[in-house]
Amino acid sequence: MAFKVLNPGLLTTVQDLGRPGYFHLGIPVSGAMDRYALRAANLLVGNPEGAAALEAVFMGPKLEFEVDATVAVTGADLPARVDGEPHPAWTAFPVRAGQTLSFDYLKGGARAYIAISGGIDTPPALGSRSTYIIGALGGYHGRALAVGDVLPLGAPHAVQHGTEVPADLRRTPGHSAELRVLPGLYWRLMTEEAGGNFFADEWKVAPEADRMGYRFRGGRPITFKPREQPFGAGSDPSNIVDACYSYGSIQVPGGSEPIVLHRDAVSGGGYFTLGAVVSADMDLIGQMQPNTRVRFVKVDMEQALAARAAEAQRLARLREALS
Amino acid sequence: MQTRYSYGGDEHIFVEIDEEMSLEAFFKSLSIANAVRAMRIDGVTEVCPANGSFQVKFDPDRIKPDTLMAALKVLEASADKAEKRLDTRIVEIPVYYRDPWTTETLMRFRERHQDPEGTDLDYAARVNGYDTVEQFIHAHHASPWFVSMVGFVAGLPFLYQLVERSRQIQVPKYLRPRTDTPKLTIGHGGCFSCVYSVRGAGGYQMFGITPVPIYDPQQKVSYLREFMVFFRPGDIVKWKPIDHAEYDAIVADVAANRYEPRTAKVTFDLDAFNADIDGTNQRLMEALHGV
């Protein structure tokens, strides 16, 4: 039970819900950038929500199946074809042994999730099949897929073809986004003016946007309150004594371009952070293309937890719809 | 020292023991971080100690942020009374200073450096007041270093020099980070040295390279079979200068699974260290060499 990679696309990796527990040794959680989309794709094909699937960035792979399977594609709008026949997104469809799954050009979003019945059965590393490329860990030999790779599949569960996610439970990425931010961490190092500008300005996703972090451009530079740099911190006012980073935390090296750390985050470093994007909005970042217009919206903890609860409710409705 | 607490989004609490680096801040941070781990608080999913700070990751569906915050503040009070002793190990890491690979890399990124005319070692020797690179290299490996944090990328140790602050090596990072650093480069930025566990981007000055792998996701290297990451916060490291022939010999021994880093169990007592730095380091070296 397997499929063969005829063309890997741009950057296609095996991802599940990640490997928590090793961040203190510099190994990040990894896993799907858009966890909701991964869960939906898995539920559609009868897999456990956290089964390993493919995450394809900007461009779909071309895969040849050696076995009959059920497939679902969610997340980015990347139209699927089986031997040339189009199939709708967010819907379970069959692929028979010998058939080829391919994709049209990207129409929206950044990352498509391709779940296959049985799940991808590469060997887990530290409890997860997610690929952490920098550390050459997990996934398929710790790297992105390449031509000729053959990936094993697990045993499938019975599933209904044509099952689909209701329209109101699909998240379709747009050209602009708001990201809610809880200010904190080293916020106090900035001038009051810079703090105001950060939330007032419109930012755009820079080309340097990947699984480690998303970089933004277009807002005014961050200015810092004058202070004597603490011992060990380094000379730039944006430097701190190297500390742990939160997932979603926003660093601004040199005060110029904010970077939001994501699933393959570096676990620490020597740049100040001004707060963190709330957990409820992390999936959204994974679907943003370069040049997406973004505003950061200031929230407090109560609002962050309310946003988290709303996401949990959406997931509960998804589970109910697909049960 | 002034402890500062902050939320990092809705899933992290960040605790900064002191904004400047010191062994006192490190010991207090590690002591509280270990206490948090030992308490096994329901909803706490990860505890990450760093140089002079630590971070707790939690699931706000299982524990309220302010409940956890209050619990951490209680722990701080008891950490002040804790003994500043650590049962740990000292490890000898061979370093080929001025090796061809980091030299080639630093030449490629010269336009990102403060001193485009010289090497990273020339620059570091000068800004630290050493007349020659040889004297600087000697200062780098003469005293042991303390692993005060593991992270950035998989298994990368940050190391803090066990000498008086006036003798600590300090070097600014590159003006703009490199996009490439050879695997197992010995780097230095601010007051910290590091070992780049994997190839990749980096902003620390490059002094040399070690033949000893410290991260092995395949877990084939003999001393990394139990776990893929070699270093833990609290490890003590002694650099040992080697030449090209010794470097090649160790690379061959590692490949044949004949190599084990020289290691000894030691106890590090912060008060004893502060009372007699040279004497404490002397005893650490005796332990390493089985004297």
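Reply: Start with contact. Two residues are in contact if their C-beta atoms, placed from the backbone, lie within 7 Å. Keep in mind that this is a predicted model.

Me: Which residues does Ala41(A) contact, leaving aside its neighbours within four places in sequence?
Reply: Ala41(A) is in contact with Ala53(A), Ala72(A), Val73(A), Thr74(A), Tyr113(A), Ile114(A) and Ala115(A), once neighbours within four places are left aside.

Me: How many residues does the largest nonpolar core have?
Reply: The general idea first. In soluble globular proteins, nonpolar side chains tend to be buried together. Here the largest nonpolar core has 181 residues. Those with the most contacts inside it are Ala41(A), Ala53(A), Val71(A), Ile114(A) and Ala115(A).

Me: Why is α1(A) largely enclosed by the rest of the structure?
Reply: Count neighbours. A residue is buried if 20 or more other C-beta atoms lie within 10 Å of its own. In α1(A), 10 of the 10 residues are buried, so the helix is largely enclosed by the rest of the structure. Among them are Arg35(A), Arg39(A) and Asn42(A), as well as Leu38(A) and Leu44(A).

Me: What covers the buried residues of α1(A)?
Reply: The cover includes strands β2 (12-15), β3 (53-57), β5 (69-77) and β10 (108-116) of chain A. It also includes helices α3 (282-286) and α4 of chain A.

Me: At what angle do α1(A) and α4(A) pack?
Reply: Helix α1 (residues 35-44) of chain A and α4(A) pack at about 10°, with their axes 10 Å apart. That angle makes α1(A) roughly parallel to α4(A). From α1(A), the contact is made by Tyr36(A), Arg39(A), Ala40(A) and Leu43(A). From α4(A), Leu315(A), Leu318(A) and Arg319(A) make it. An α-helix has 3.6 residues a turn, so residues three or four places apart point the same way.

Me: By class, which residues does the contact of α1(A) with α4(A) have?
Reply: The contact has 5 nonpolar, no polar and 2 charged residues.

Me: Now chain B. At what angle do the axes of α1 and α2 of chain B cross?
Reply: Helix α1 (residues 23-39) and helix α2 (residues 65-79) of chain B cross at roughly 125°, and their axes come within 9 Å. That makes α1(B) oblique to α2(B). The crossing of α1(B) past α2(B) is right-handed. On the α1(B) side, Lys28(B), Ser31(B), Ile32(B), Ala35(B) and Val36(B) make the contact. On the α2(B) side, Leu72(B), Leu75(B), Glu76(B) and Ala79(B) do. By class, this contact has 6 nonpolar, 1 polar and 2 charged residues.

Me: How many residues of each chain are in contact across chains A and B?
Reply: 43 residues of chain A are in contact with 45 residues of chain B. On the chain A side, β15 (239-244), β18 (268-271), β19 (273-277) and α4 (301-321) each supply at least two residues. The residues of that side divide into 24 nonpolar, 17 polar and 2 charged.

Me: Next, backbone angles. What is phi of Asp83(A)?
Reply: Most residues other than glycine have a negative phi. Phi of Asp83(A) is near 45°, a positive value in a residue other than glycine. Asp83(A) lies in the loop between β6 (80-82) and β7 (85-87) of chain A. With 11 C-beta neighbours inside 10 Å, Asp83(A) counts as exposed.

Me: Is Leu184(B) buried or exposed?
Reply: Leu184(B) is buried, with 24 other C-beta atoms within 10 Å. Leu184(B) also has a positive phi, of about 70°, although it is not a glycine. Its place is in the loop between β7 and β8 of chain B. As for glycine, Gly46(A) follows α1(A) and has a positive phi, near 80°.

Me: Where does Leu175(B) lie?
Reply: Leu175(B) lies in the loop between β7 (157-161) and β8 (185-189) of chain B. Leu175(B) is partly exposed, with 14 other C-beta atoms within 10 Å. Sequence separation and spatial distance are read side by side. Leu175(B) and Gln114(B) are 61 residues apart along the chain, and their C-alpha atoms are separated by 6.4 Å. Leaving aside neighbours within four places, Leu175(B) is in contact with Arg112(B), His113(B) and Gln114(B).

Key. Residues numbered from 1 in each chain as written. Chains lettered and ligands numbered in written order. Axes fitted to C-alpha atoms, helices over the stretch in contact; angles between N-to-C directions. Helix = DSSP H or I, 4+ residues; strand = E, 2+ residues; numbered from the N terminus. Parallel < 35°, antiparallel > 145°, perpendicular 65-115°, else oblique. Left-handed = near helix turned anticlockwise from the far one by under 90°. Nonpolar A, V, L, I, M, F, W, Y, C, P; charged D, E, K, R; others polar. Core = buried A, V, L, I, M, F, W, Y, C linked by C-beta atoms within 7 Å. Buried ≥ 20, exposed ≤ 12 C-beta atoms within 10 Å, placed from the backbone.
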